Amino acid sequence: MDFNLSEDHQLLSDSLRRFLAENYDIETRNRTAYAAPFHAPETWSALAELGVIGAFVPEGQGGYGGTADDVAVIFEELGRGLCSEPMLGTLLGLRLLAALGQTDLAARVIDGETRVALAVSEPQVACDLSCLQATARCEGDVWRLSGRKSAVYGAPGADLVLVVARLADAGENAALGLFLIHAPESIAAPMIDGGGIADIVLDGLQAECLSTDCAELVEDALDLGRIALCAEAVGAMSHLIEITIDYLRQRKQFGRTLASFQALQHRVVDMVVEREQCRSITIAAVAAYGTPAQARTVSMAKNLIGRMGSWIAEEAIQLHGGIGMTWEYPGSHYAKRLVMIDHQLGDRNDHVLRMIRLKPGAPPAEAA
Amino acid sequence: MDLEFTDEERAFREDVRKFLQRELPRDIAGKVAAGKDLERDDILRWQAILHARGWLAATWPKEHGGPGWSAVERHIFSEECALHSAPRLPPFGLNMLGPVLIRFGNDQQKREILPRILDGSDWWCQGYSEPGAGSDLASLRTRAVRDGDHYVVNGQKTWTTLGQYANKIFCLVRTSTQGKPQEGISFLLVDLDAPGVEMRPIRLIDGGHEVNEVFFTDVRVPVANLVGEENQGWTIAKYLLTHERTNIAGIGYATKELERFHRLAREITRDGRRLSDSPLHAARAAEIEAELEALRITNLRMLANARDGAAGGVESSLLKLKGTQVRQMLQNLYRSALGSQAAPIADELSENELTVPVDAARAAPVYFNHRKLSIFGGSNEIQRNIVAKELFKE
């Protein structure tokens, strides 16, 4: 039993934290996160140079890491620094490119020259792959896609988009294929919590087929993305709690600091308790990745963090009072991020249903 | 990052399991599983079995008759005991007075008292709280006035758990009114058979008799029964608060309670379907399961800290807060599973008169009884004060 970061992870975590603290202040972030291309290309290149993107991929596939631990260490720091660079979409797309042997493309993504995103969810499908409606049809030796993909993270400005679509004319339980399209047109928008998102209308779009049976790979990539979001939330909530405590110490009303009021102290303590719980469930999900317990434990984590992340955000806004409502105060952007993480890759309800579906009524895993 | 126990720790868990399967009397485990009150004899019988194996005083060092376990081993042992429905051992002699004597007692006290805790000759209870001193324990007013070789004790203690089974009580008493309230408190051992001691039952919310009030009227206690120095009692009380709290989260109990809910949900039918097929009940259970799984890891993280010598009072406060919340959620879930059938007080009903499985018949009283979890052992508000003091320290 050992919960300390390895030396390598500590180094990675420290260097990323330092980089973001020195080069990515809240003004830079807010200037770039809400206007096309919804991120800062120079920050992106610098992060690639730091090795952040390469750490998403196993060594055997051209990267230098690729474990759930690597991903969690990085995303926790991205969360702490409220980094809106399109890392989630890149993680999801890159994992699939690398796993499917697209070594050259993967190498370009790792170097930061090329950006990739993954189009999986749809306007009516949050995270249950068996419900996907988009289809791919093979006409001669050309694949054409139809349907609409939604909530494609990092799609605006991406060079490559991977699309998950059901193979047409194969009935209800048709396999899911994975298709590559280049810089597609998209319906792009900034997200309420920063960064770019897009819908892609597939209207007969021609695509290159990378796999004709990718459901398992995609689910694994999504579960890793969920772990990334959980770790990001832990980083974001840690920072938000810290600045909330700072604010309470500083702000005076009725001739004393807010920090001296027990009613407020106790609310902060409850936030800290839940933050520790969120860190713990993320550790559990990281440990379960790649084991038979993966899907259910990841859903547990995404459920708990969905609930507690948004609750901590709401408490933080309330404890700040009016200042917590302003665009100018960094805490408000952290709060938005924490709430909106629950909307990505399945929310608390989707994941509680997935838990039930996977193993209805089962007691928790026996103590390790 | 590594969540696994070592091979030795896993082998130890296996030993504990085998021991429990072989030695824990069925009738006692049955009572525990059904939430029934245990008789004095049930607890003494189980203590004797543990004592024979050398596993009774889990927190004591070997030289005093403890097993010499690490924090991790103690955790494994208590988790397995809960999972096997072993009785919760009264902590007063084993986990409270024992460690206090080992740390603060004189040789004679150690020699005379410790063996009698182990062999069950003495049953100790705790005299801390008073009607006017609960969370604000330092305001206690029970007086001990020196008179030759004796203290003369006057006052009242309350919330004395299982006092009805005890023959001895350790008390915090006021020996000085000078200076700060904390500086005038002493730790005194009192014989419950002494003239002037009277114990009265307090009936609790569930109808049961678990706690008592104890009255002291001119009770003469030999000065030799003082533990540590006079007016050192507060230091001793604080030592107890931070001593051996690795089991404070109650993971084993909670795991058992969740398992019990799932079993019940598969057995009972409501409005034409099994309760386990109700998505709302399943979702509630799943969300609590997520919190319990997180708590299990939080507990392991803090256990690893304790092993590495980095544990503090804040961590046991966190575990106490969340552990009691999770267990209260589970008690709530279990009671609500029974719907209208939770209402009858079933103690006098026979098994074939019951409309619910016999193990579930006491769900409502047990739920009410467990509201105590967030009140005793330092109320959850006191735990929040402890954590806040650390978070907001200058």
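## Reading the terms in this model

Guide: A:Leu345 sits in the loop between α10 (330-341) and α11 of chain A, where helices (H or I, at least four residues) and strands (E, at least two) are DSSP runs, numbered from the N terminus. This is a predicted model, in which local features need pLDDT of at least 70 and side-chain atom pairs count only at pLDDT 80 or more, while totals for chains, interfaces and linings use all residues. Residues are numbered from 1 along each chain as its sequence is written, and chains are lettered from A and ligands numbered from 1 in the order in which they are written.

Visitor: What makes A:Leu345 buried or exposed?

Guide: A residue is buried if 20 or more other C-beta atoms, placed from the backbone, lie within 10 Å of its own, exposed if 12 or fewer, and partly exposed in between. A:Leu345 has 26 other C-beta atoms within 10 Å and is therefore buried. The phi of A:Leu345 is near 55 degrees, a positive value in a residue other than glycine. Most residues other than glycine have a negative phi, and most peptide bonds are trans.

Visitor: Which peptide bond is cis, and with what omega?

Guide: The bond from A:Ala36 to A:Pro37 is cis, with omega near 5 degrees. A:Pro37 belongs to the loop between α2 (26-33) and α3 (41-50) of chain A.

Visitor: How do you know what span helix α3 of chain B should have?

Guide: The expected span is 1.5 Å times one less than the number of residues. For the 14 residues of α3(B), residues 40-53, that gives 20 Å, and the end C-alpha atoms are 20 Å apart, which agrees. Seen down the axis of α3(B), the buried residues fall within an arc of 105 degrees, taken over the directions from the helix axis to the C-beta atoms, so they line one face of the helix. These buried residues are B:Trp46, B:Gln47 and B:Leu50, and they pack against α2 (26-33) of chain B. The face turned away from that buried side carries the exposed residues B:Asp41 and B:Ala52. After α3(B) comes B:Gly54, whose phi is positive, near 80 degrees.

Visitor: How many residues of α8(B) are buried?

Guide: In α8(B), 13 of the 17 residues are buried, and the helix is mostly covered. Residues 251-267 of α8(B) should span 24 Å, and the end C-alpha atoms, 25 Å apart, agree with this.

Visitor: What makes β2 and β3 of chain B a pair?

Guide: Two strands pair if DSSP finds at least two bridges between them. Strands β2(B), residues 143-147, and β3(B), residues 150-157, are joined in the antiparallel sense over five bridges, with B:Val145 opposite B:Val152. Their hairpin has two residues between the strands, and there B:Gly148 takes a positive phi near 65 degrees.

Visitor: How many bridges join β7 of chain A to β8(A)?

Guide: Four bridges join β7(A), residues 187-190, to β8(A), and the strands run antiparallel. A:Gly196 in β8(A) is the bridge partner of A:Pro190. In this hairpin, with five residues between the strands, A:Gly194 has a positive phi near 95 degrees. Strand β4(A), residues 148-153, is also antiparallel to β8(A), residues 196-201, with four bridges.

Visitor: How many residues does the contact take from each chain?

Guide: Residues are in contact if their C-beta atoms lie within 7 Å, and the contact takes 33 residues from chain A and 39 residues from chain B. On the side of chain A that touches chain B, α8(A) gives the most, with 14 residues.

Key: Contact = placed C-beta atoms within 7 Å.
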